[in-house]
Amino acid sequence: MEACDEDPAYVVRFKTKFKEDLASRQEQLNNAWLQIATVLDPRFKDLKCLPKKDREEVWITLEGMLQQESPKKKSSQTHDDGPPRKKISLLQMGSDSESEDEEVQPAIHRYRAEPIIKLEDCPLWWWASHSGAHEKLASLAHKYLATPATTVPCERLFSGHIVNKKRSALLLENVNKLVCLSNWLKDDKAQ
């Protein structure tokens, strides 16, 4: 995308604008979120899309997230089982965090040892079938992988732009249903 001397002026302008637009979009990306979502996808957990020097850092971040999730689950379990038990000594309190570390690292190693699945396979189905073996990771995977790919249908419904050239193949019956639904939603908002 670098401009050359042989490029016409309009191509140079296009390349310049394209690079500026791409750079502004890159700044807005939440790379940490995307990296965690990638490592939790069993199709791409090898992280070949990242430079080798950055791959281990993503696994360390995932390990930290698992350690943060563990106390939340333990505290909710103690409330369900009854009042929390008092600690006998300060040394015993420290041993809980060590046991969490001991639980998290093997969980990550087990997941890393799993074979990468085919591109055609659904990662959510994989997690559903392996949730028993990777209980802590499965809850994180559902949180990060269950994001809708697009909000276009939702935006279209609220904006009222139901019938246009791009959607000219809609059947009349479906157009009527969509217009009716859109009007109902607008009426609910007005109230």
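**Contacts, rings and confidence**

Biologist: How far is the backbone oxygen of L34 from a polar atom of the T38 side chain?

Modeller: The two lie 2.7 Å apart. A polar contact here is a pair of N or O atoms within 3.5 Å; within protein, one must be able to donate a hydrogen and the other to accept it, and residues adjacent in sequence count only if both atoms are side-chain atoms.

Biologist: What are the ground rules?

Modeller: This is a predicted model, so local features need pLDDT of at least 70 and side-chain atom pairs need 80 or more, while totals for chains, interfaces and linings use all residues. Numbering runs from 1 along each chain as its sequence is written, and side-chain values use heavy atoms, without hydrogens or water.

Biologist: Where does T38 lie?

Modeller: In helix 2, residues 31-39. Helices are DSSP runs of H or I with at least four residues, numbered from the N terminus.

Biologist: And what is T38 in contact with, beyond four places in sequence?

Modeller: F44, K45, L47 and C49. Contact means heavy atoms within 4.5 Å.

Biologist: Is C49 buried or exposed?

Modeller: Exposed, at 60% relative accessible area. C122 is partly exposed, at 27%. Buried is under 20%, exposed over 50%, partly exposed in between, with a 1.4 Å probe and protein chains only.

Biologist: Switching to rings. How many aromatic pairs?

Modeller: Six. Rings of Phe, Tyr and Trp (its six-membered ring) pair if their centres lie within 6.5 Å; planes under 30 degrees apart are stacked, over 60 edge-to-face, the rest tilted.

Biologist: Why is the W59 and Y111 pair tilted?

Modeller: The planes sit at 55 degrees, so the pair counts as tilted, with centres 5.9 Å apart. W59 is in helix 3 (residues 52-81) and Y111 in helix 4 (residues 90-113), so the pair ties together parts 52 residues apart in sequence.

Biologist: Are those two buried or exposed?

Modeller: W59 is buried at 5%. Y111 is buried at 0%. Ring pairs also link both with W126 and W127 into a cluster.

Biologist: What lies over the face of Y111?

Modeller: K45, at 4.5 Å from the ring centre. The rule wants NZ of Lys or CZ of Arg within 6 Å of the centre and within 35 degrees of the ring normal.

Biologist: Where is confidence lowest in the chain?

Modeller: In helix 7 (residues 152-159), at a mean of 56, while helix 5 (residues 123-130) is highest at 92. Residues 74-98 have pLDDT below 50, and that stretch has seven contacts in the model beyond near neighbours in sequence. pLDDT is the predictor's confidence in each residue, from 0 to 100.

Note on methods:
Helix = DSSP H or I, 4+ residues; strand = E, 2+ residues; numbered from the N terminus.
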